[in-house]
Amino acid sequence: MPAPVAATNCGPVRGFIDEGVLVFKGIPYGEDTATRRFQPPVRPSPWVEARNTVAFGPQAPQAPRNRENRRAFAPMDAIGPVNSEDCLHLNVWTPKLRDGRRRPVLVYIPGSGYSYGSSNGAVFNGVRLVKRGNVVVVTLNHRINLFGYLYLREIGGSQFAECSNLGQLDLILALEWVRDNIAEFGGDPHSVCILGQGGGAAKCSTLMAMPKAKGLFHRAVLLSGQQVTAIPPTHATATANTLLASLGLKRADLAALADPEEFPMERLVAALQANPDLPFGPVRDGRTLPRDPFSPDAPLLSASIPMLVGTTLDETRLTLGAADPSLFSLQWEDLPSALAAYKPRFGALKVESLIAQYKQWYPAYSASDVFFAITTAFLSWHGILIESERRAQHARTGPTWVYEFDWESPVENGKWGASHSMDVPFLFDNLALAGSMMGSSPAANRLAGQMADALIAFASTGDPNASSIPKWPAYDLTQRPVLCWNESSEVKQDPRSDERKLLERVPFL
């Protein structure tokens, strides 16, 4: 069978066939950002001859990550070329081209916060979703960290007047590409579901409050990530000044910073590596992002859009435990000092009383179990819970479905539990591509099929209920129904209610 060729609004692209699915990798949706560093993205220059799109495009520039346990992260790790400012590429998996069908479109937005990440990982392969549900899958890369979220408007003058939320504007340009081109790939531009996990979910939350994104997507899936508030301009400007100082620059030198010849990408990546804690992210700039995404309420801009929100029971077993293995062997006398670094998240609650409360609720937990339960609740679940609750507070808001992923990885004697990102290969029905962290039991594969069915149903109709899963009610403030995914999944009313009520007493940071 000849290689498939599709027409886009910039030129033809030639893909390949994988298990009967038509695949196009590395389609440019924006111009090389090195030519427009710190400027909004633009569509790529057109081409005439069919362009080979058979391999992932580069990931966005980012510093290397120091990860103690590579095995835990391997399914998410990028494959193919890395670190180029020419990073505005997307990938498409589809059953057919130009057949007149209007299939729902799933657009995956990469996570790992705002400073790292790529959708080039093996686990995001769309073949099995396409074959299972007759959908079109799109994944993409975009600018992150200082390349996508450095705020220079206050200090840069007219040249940098539009230097705000550029990474989000990249996402909007990608969604515009989907709107303009996806019918050629057998997809429906009026049935687009954005999907993000971790930082990707935060980016989705932010898109829900951005006027330029209105109408470009019609459903949203947010997994283990939130963006209740954005960064105020004063804080974002302070981050920019810190970065400039680390580079030995003054405001007058900003023009040089934007010039790839004077400031090669590698020098900026080195600055990122030297300043790993700089807080990049969306800025409430009054223009591209006129308000906080979910504060003081859910945004009316996206009120009618159905939303699905998911978390894992043991988020921080990966996000904290992989970086510090000693957390898995804490003794009770070590626990207060281990939690001390997170005290600002606890509000007026004292660490000792918090530990006593969790020991009462979960008497079988070890000290490490309590550490991961508390940090999961206060560092991860709190903001996601706020978004779910605020969506349910207003009659004008569309339905929201909530799940909790409880399936525990069997490897290393269950050390990782149901940790952060563990649900992603299940939703993509890609356990075989997810590495040894998932195992390969029939029960796990059955659960993956159920979760993929729910995702496909939601992308198709805005309702995740499928014949293979228990009846799943939309979230409300009376019963608070949550679908708890496990080898035997069930809907529970207000699970972890004691923890939820405790979080309600604490201001969100």
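## Ala298 in its loop

Ala298 sits in the loop that runs between α9 (265-274) and β11 (307-312). Keep in mind as you look at it that this is a predicted model. With a relative accessibility of 3%, Ala298 counts as buried, because buried means under 20% relative accessible area.

What does Ala298 touch, once its neighbours within four places in sequence are left aside? Its contacts are three arginines: Arg291, Arg390 and Arg391.

## Thr229 in another loop

Thr229 belongs to the loop between β10 (219-223) and α7 (233-246). Its relative accessible area is 32%, so Thr229 is partly exposed.

Setting aside neighbours within four places in sequence, Thr229 is in contact with Asp292, Pro293 and Ser295. Thr229 and Phe508 are separated by 279 residues in sequence, while the C-alpha to C-alpha distance between them is 9.5 Å.

## The second largest pocket

Now for the open spaces. The second largest pocket has a volume of about 260 Å³. It is lined by 18 residues, and those closest to its centre are Leu313, Asp314, Tyr365, Ala373 and Glu408.

Which element gives the most to this lining? That is helix α13 (residues 367-392), with 4 residues. Sorted by class, the lining of the second largest pocket holds 9 charged, 6 nonpolar and 3 polar residues.

## The largest cavity

How many cavities of 30 Å³ or more does a search of the whole structure find? The search turns up 5 of them, and the largest cavity has a volume of about 150 Å³.

Of the 15 residues that line the largest cavity, Trp381, Leu385, Val402, Tyr475 and Val482 lie nearest its centre. Helix α13 is again the element to follow: it gives the most to the lining of the largest cavity, with 4 residues. The classes here are 8 nonpolar, 5 charged and 2 polar residues.

Conventions
Residues are numbered from 1 along each chain as its sequence is written. This is a predicted model: local features need pLDDT of at least 70, side-chain atom pairs count only at pLDDT 80 or more; totals for chains, interfaces and linings use all residues. Side-chain values use heavy atoms; hydrogens and water are left out. Helices (H or I, at least four residues) and strands (E, at least two) are DSSP runs, numbered from the N terminus. Buried means under 20% relative accessible area, exposed over 50%, partly exposed in between (1.4 Å probe, protein chains only). Contact means heavy atoms within 4.5 Å. On a 1 Å grid over the protein atoms alone, a cavity is a set of points where a 1.4 Å probe fits but cannot get out, and a pocket is an open set with protein on both sides within 12 Å along at least five of seven lines; lining residues have an atom within 4 Å of a point. Grid points are joined across faces, edges and corners, and a volume is the space filled by probe spheres set on the points. Ala, Val, Leu, Ile, Met, Phe, Trp, Tyr, Cys and Pro count as nonpolar, Asp, Glu, Lys and Arg as charged, and the others, Gly among them, as polar.
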